[in-house]
Amino acid sequence: MAETPIMCTLSQDAMAERLSDFAALFTETLTAYEREPLRLRLTFAGADAGRRARIRALFEAERRCCAFLTFTYEQDGADLTVDVAAPTDAGPTLDDLAGLAEHAVPAR
């Protein structure tokens, strides 16, 4: 089985727009995050059906351009948690998302 290449297929402009979309989403609803070397766990509070659909759509768009990342979702009441996992050589890929999460949810 061939490994998925560790590369993003977005152009530089599209990547900047995607990061802007994540920043807006994180500022709006992200309440917690946990970073490990190969995983980023993001918790979005008060995720009604519309907001859950918006969150999933954005992460699905990210999955299409960064096929080496894995996304899993967990619903707990009104909270939605998204786990983003990277393969061994791609941990630094999570740095941009983690930076946005840190900005939206400062360390306590």
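Which exposed residues does the face of helix 2 turned away from its buried side carry?

1. In this predicted model, the face of helix 2 that is turned away from its buried side carries the exposed residues Ala49, Gly50 and Arg64. The helix itself covers residues 49–65, 17 residues in number, and reaches 25 Å from its first C-alpha to its last, which is close to the 24 Å expected at 1.5 Å a residue.

2. The buried residues of helix 2 are Ile55, Leu58, Phe59, Ala61, Glu62 and Cys65. Seen down the axis of helix 2, these buried residues fall within an arc of 150 degrees, so they line one face of the helix. What covers them includes helix 1 (12–29), together with strand 2 (39–44), strand 3 (70–76) and strand 4 (79–85).

3. As for the pairing of the helices, the axes of helix 1 and helix 2 come within 11 Å and cross at roughly 150 degrees, which makes helix 1 roughly antiparallel to helix 2. The contact is made on the helix 1 side by residues including Arg18, Phe22, Leu25 and Thr29, and on the helix 2 side by residues including Arg51, Ile55, Phe59 and Glu62. Helix 1 passes helix 2 in a left-handed crossing.

4. Glu62, which is found in helix 2, may be worth a separate look. Glu62 has a relative accessible area of 10% and is buried. Leaving aside its neighbours within four places in sequence, Glu62 is in contact with Arg18, Phe22 and Phe71. Glu62 and Leu19 are 43 residues apart in sequence, and their C-alpha atoms are 10.0 Å apart in space.

Key
Residues numbered from 1 in each chain as written. Predicted model: local features only at pLDDT ≥ 70, side-chain atom pairs only at ≥ 80, totals over all residues. Heavy atoms only, no water. Helix = DSSP H or I, 4+ residues; strand = E, 2+ residues; numbered from the N terminus. Expected span 1.5 Å × (residues − 1). Buried < 20%, exposed > 50% of the residue type's maximum accessible area, 1.4 Å probe, protein only. Arc of directions from axis to C-beta. Contact = heavy atoms within 4.5 Å. Axes fitted to C-alpha atoms, helices over the stretch in contact; angles between N-to-C directions. Parallel < 35°, antiparallel > 145°, perpendicular 65-115°, else oblique. Left-handed = near helix turned anticlockwise from the far one by under 90°.
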